[in-house]
Amino acid sequence: MKINCAIIDDEPLAVDLIKSYVERVPMLHLVDTYNSAIETLDQLNLDQIYLLFLDINMPELNGLEFAKLVPDNVRIVYTTAYSEYAIDSYRVNALDYLLKPISFDSFLESVNKAIKYLQIDGKHRLKEIKDEEELLENSYAIQKQITNPTQDFVLAKINNVENIANVA
């Protein structure tokens, strides 16, 4: 299982560092990097991303505002130099919060959280699919039961008429 990820940060050195970390983790596939949240809106297909490394303090549109536009299935690891946004970040879909400068160990802990989350979420989604299939099967069985009693009723009426005719 490879996890598609993207990096959004207005600091080129931070992007390079996180990119180098992503390249060291075989489970991650870097889709692209972006230098602003505004640029990302036009270019990034969020339906293909499962993990987003997102800076908070960026011009025009900050990471917390951008996160409100991200689908719920995308897990966000905030990467910032500002600890004061930590509480707010968890209100907007945060999986983790990394303070710059980011060590590889901290990065790896976040990736492991993402992997665990996605495995659990994947199992949950698999269960939902199985539940839907079971629901469809049950629906078909119920439809069959609904149509069969009508046929049975008609057959019973015919048999009853025959029985009455045989008695007379």
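This is a predicted model: local features need pLDDT of at least 70, side-chain atom pairs count only at pLDDT 80 or more; totals for chains, interfaces and linings use all residues.
Trainee: What makes up the protein chain in terms of helices and strands?

Mentor: The protein chain has five helices and five strands. In sequence order they follow the pattern β-α-β-α-β-α-β-α-β-α. Of its 168 residues, 35% count as buried.

Trainee: Why is Asp-55 called buried?

Mentor: Buried means under 20% relative accessible area. Asp-55 has 1% relative accessibility, so Asp-55 counts as buried. The residue sits in the loop between strand S3 (51-54) and helix H3 (63-67).

Trainee: Which residues does Asp-55 touch, leaving out those up to four places away in sequence?

Mentor: Asp-55 touches Ile-8, Asp-9, Asp-10, Glu-11, Gly-63, Thr-79, Thr-80 and Lys-100.

Trainee: What makes Lys-100 and Asp-9 a salt bridge?

Mentor: The cut-off is a side-chain nitrogen of Lys or Arg within 4 Å of a carboxyl oxygen of Asp or Glu. In the pair Lys-100 and Asp-9, the closest N and O atoms are 2.7 Å apart, so the pair meets the definition.

Trainee: How far apart are the closest N and O atoms of Lys-100 and Glu-11?

Mentor: They are 3.4 Å apart, and Lys-100 forms a salt bridge with Glu-11. Glu-11 is in the loop between S1 and H1, so this pair ties together parts that are 89 residues apart in sequence. As background, side chains of opposite charge can pair when their charged atoms come close.

Trainee: Are Lys-100 and Glu-11 buried or partly exposed?

Mentor: Lys-100 has 18% relative accessibility and therefore counts as buried. Glu-11, at 37%, counts as partly exposed. The label "partly exposed" covers values between the buried limit of 20% and the exposed limit of 50%. Asp-9 is buried, like Lys-100.

Trainee: Which residues are linked in a network of salt bridges?

Mentor: Asp-9, Glu-11, Asp-55 and Lys-100 are linked in that way. A search of the whole structure finds six salt bridges. One of the salt bridges joins the side chains of Lys-68 and Glu-65, at 3.3 Å from N to O.

Trainee: Why is Lys-68 called exposed?

Mentor: Exposed means over 50% relative accessible area. Lys-68 is at 57%, so it counts as exposed. Glu-65, at 38%, counts as partly exposed. Lys-68 lies in the loop between H3 and S4.

Trainee: How do you know that the buried residues of H1 are on the same side?

Mentor: The buried residues of H1 are Ala-14, Val-15, Ile-18, Tyr-21 and Val-22. They cover an arc of only 130 degrees around the axis, which puts them on the same side of H1. Pro-12, Leu-13 and Glu-23 are exposed on the other side of H1.

Trainee: What is the span of H1, and what is expected?

Mentor: Helix H1 (residues 12-23) has twelve residues and reaches 16 Å from its first C-alpha to its last, close to the 16 Å expected at 1.5 Å a residue.

Trainee: What makes the peptide bond from Lys-100 to Pro-101 cis?

Mentor: Its omega is near 0 degrees. Pro-101 is placed in the loop between S5 and H5. Most residues other than glycine have a negative phi, and most peptide bonds are trans.

Trainee: Which phi values are positive in residues other than glycine?

Mentor: Glu-60 has a positive phi of about 70 degrees, and Asn-93 has a phi near 70 degrees. Glu-60 is in the loop between S3 and H3, and Asn-93 is in the loop between helix H4 (86-90) and S5.

Trainee: Are Glu-60 and Asn-93 buried or exposed?

Mentor: Glu-60 has a relative accessible area of 71%, so it is exposed. Asn-93 is at 17% relative accessibility, so it counts as buried.

Trainee: Which residues form the nonpolar patch on the surface?

Mentor: Ile-38, Leu-41 and Leu-69 form it, with about 250 Å² of accessible area together. Leu-69 lies in the loop between H3 and strand S4 (75-80).

Methods:
Residues are numbered from 1 along each chain as its sequence is written. Side-chain values use heavy atoms; hydrogens and water are left out. Helices (H or I, at least four residues) and strands (E, at least two) are DSSP runs, numbered from the N terminus. Buried means under 20% relative accessible area, exposed over 50%, partly exposed in between (1.4 Å probe, protein chains only). The expected span of a helix is 1.5 Å times one less than its number of residues. The arc is that of the directions from the helix axis to the C-beta atoms. Contact means heavy atoms within 4.5 Å. Patches are made of residues with over 30% relative accessible area and no salt bridge: like charges are joined within 9 Å, nonpolar side chains (Val, Leu, Ile, Met, Phe, Trp, Tyr) within 5 Å. Accessible areas come from the Shrake-Rupley method with a 1.4 Å probe; for residues, only the protein chains shown count as cover.
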